[in-house]
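Have the 3D view open as you read.

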Amino acid sequence: MSLEHALREIKLDLRKYMMKPAKRSKVVKLSEMKDFFMDSEAVEKILSKGKDPVIYQYYEFIEEEAPGHLTIGLTVLYPGKVGKEYFMTRGHFHEKDSAELYYGISGEGILLIQSRQGETDYMVLKPGTIGYVPPGWGHRTINTGRKRFVFLFAYFSDAGHDYGVVKEKGFAKIVIEEKGKPKVVDNPKYLEG
Ligand code: F6R
Ligand code: ZN
């Protein structure tokens, strides 16, 4: 690697909530999350009206998906609910146990983590807060606010992503709105084991 090109500069546009350069970006709509939200009737009710809202989008700077590298990115999670459940990311485990950093930039939400044994923990992520996800813990973010929930993340580039276990079993906890306030409750549809 020649010296003059060793450093990489990544710019976060904190007005448009974009990241440049972004070597990968993804927009996730409700139709892609049918198996992730708890209330499937509420999902169908929205989709049957011909609506397919964007739930979140994220941008990633990937230097190289190889050991030792970090992938850095920005997620924009929109406000809203499906039934009583707040808009959220799909959630995943990493194929290679490795830690991940989350840093709140705008709005407010919950970072929910779960071990492969089914233990859970969560924290409020807001501007200036860092969440450290330990190696091996699955994770999901939930927008509990009324505006976009935006956060930075960094993970090991060779970690890989396993969405299957979340799609099949869900998380043990879900985040719903009750009497106007966020509440972390047991997921009645969680498939243990
Ligand atoms: C990367 C990571 C986040 C999420 C992003 C979208 O390992 O944890 O960047 O990928 O917030 O959420 P998912 O990937 O769960 O749809
Ligand atoms: Zn991750």
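By class, the shell around ligand 1 holds seven nonpolar, seven polar and two charged residues. In that count Ala, Val, Leu, Ile, Met, Phe, Trp, Tyr, Cys and Pro are nonpolar, Asp, Glu, Lys and Arg are charged, and the others, Gly among them, are polar.

A word on the ground rules: this is a predicted model, where local features need pLDDT of at least 70 and side-chain atom pairs count only at pLDDT 80 or more, while totals for chains, interfaces and linings use all residues. Residues are numbered from 1 along each chain as its sequence is written, chains are lettered from A and ligands numbered from 1 in the order in which they are written, and side-chain values use heavy atoms, with hydrogens and water left out.

**Around the ligand**

Of the 16 residues around ligand 1, the nearest are Tyr-56, Arg-90, Tyr-102, His-161 and Tyr-163; a residue counts as near if one of its heavy atoms lies within 4 Å. The table gives polar contacts (pairs of N or O atoms within 3.5 Å).

| Residue with polar side-chain atom | Distance to an oxygen atom of ligand 1 |
|---|---|
| Thr-75 | 2.9 Å |
| His-92 | 2.9 Å |
| His-94 | 3.1 Å |

Taken alone, ligand 1 exposes 390 Å², and the protein buries 99% of that (Shrake-Rupley areas, 1.4 Å probe).

Which elements give two or more residues to the shell around ligand 1? They are strands E4 (54-62), E8 (100-106) and E13 (149-156), strands being DSSP runs of at least two residues, numbered from the N terminus. E13 supplies the largest share, three residues.

**Charge pairs**

Side chains of opposite charge can pair when their charged atoms come close. A search of the whole structure turns up 13 salt bridges, each a side-chain nitrogen of Lys or Arg within 4 Å of a carboxyl oxygen of Asp or Glu. One of them joins Glu-63 to Lys-23, with the closest N and O atoms 3.9 Å apart. This pair links distant parts of the chain, 40 residues apart: Glu-63 is in the loop between E4 and strand E5 (70-77), and Lys-23 in the loop between strands E2 (18-20) and E3 (24-29).

**Backbone details**

Pro-21 is also in the loop between E2 and E3, and the peptide bond from Lys-20 to Pro-21 is cis, with omega near -5°. Then there's Tyr-17, in the loop between strand E1 (11-13) and E2. Although Tyr-17 is not a glycine, it has a positive phi of about 50°.

Methods:
Polar contact = N/O pair within 3.5 Å; in protein donor to acceptor, adjacent residues only side chain to side chain. Helix = DSSP H or I, 4+ residues; strand = E, 2+ residues; numbered from the N terminus.
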